[in-house]
Amino acid sequence: MSRRMIIAGNWKMNKNSAEARDFIAELKGKADFSKNVEVAVCPPFTSLQAAASAAAGSAVKVGAQNMHWEESGAYTGEISASMLAEIPVSSVIIGHSERRQYFGETDDTVNQRVKAVLKAGFEPIMCVGETKEQREADKTEEIVERQLKGGLQGLTEEDMKSLVIAYEPVWAIGTGLTATPEQAQAMHDFIRKLLSKLFSEAVAEAVPILYGGSVKPGNAAELMAKPDIDGALVGGASLKADDFAGIINAC
Ligand code: PEP
């Protein structure tokens, strides 16, 4: 079956409003949107509005990088669904390894955030992936299975229709080290089989699984050619319109 193909850019803590506007204007001129590829950029919260205005009427969607599960309250530094609905965003990255590593994100908080994102009608892009030490200790599958089971706890088959998974080996993020297409495919296949066990064959077949970790215009085509890789979550190379367009056009 054919699944949706998605290329999403995670800008992390980069780009102010003017830079976001300029990037989207440039991307519109450089990326080929005639292909069956969904394109999204995920700016910092303060640039979301500018990005959404610049993207209005185009094929570019706008997503956030995080969201809290409560509607309001004493959660300094967090942002809620109704705040993101003001933009509005279409997707929210949840459980990125930098949030897990630096900001105490756990499988349990990932799960709460994913549920809130779904309830708000946005699409969660839930990130999973092992560290270098975990891979070297032969624990990759165990770790990814635990993150998936924890993050997806309590979700229904219906919920899974609106969810995207990003497999991002931590050792490949921002390091220039990309998983080989074979290594990535093996993990995507593992994730899909696990989805089949946790939910159903239909869910496993339908959920887009993106690869993330030093994706660039030069390596995108061979990664995307693998049967279980349905797109990419791109960090560094999503900051330059030329590179991001190159990745989109390589699909
Ligand atoms: C990311 O942060 O999601 C990512 C994949 O980063 P990079 O492309 O820079 O490795």
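Quick caveats. This is a predicted model, with local features needing pLDDT of at least 70 and side-chain atom pairs counting only at pLDDT 80 or more, while totals for chains, interfaces and linings use all residues. Residues are numbered from 1 along each chain as its sequence is written, and side-chain values use heavy atoms, with hydrogens and water left out.

Okay, polar contacts, meaning pairs of N or O atoms within 3.5 Å. A backbone N or O of Gly174 sits 2.6 Å from a ligand oxygen. With Glu168, a side-chain N or O atom is 2.7 Å from an oxygen of the ligand. Then Gly235 has a polar backbone atom 2.8 Å from a ligand oxygen. On its own the ligand has 290 Å² of accessible area, and the protein covers 96% of that (Shrake-Rupley, 1.4 Å probe).

Now the largest pocket: about 510 Å³, the space filled by probe spheres set on the grid points. A pocket is an open set of points on a 1 Å grid over the protein atoms alone, where a 1.4 Å probe fits, with protein on both sides within 12 Å along at least five of seven lines; lining residues have an atom within 4 Å of a point. Its lining has 17 residues, with Lys12, Met13, Gln65, Arg99 and Phe103 nearest the centre.

Note on methods
Polar contact = N/O pair within 3.5 Å; in protein donor to acceptor, adjacent residues only side chain to side chain.
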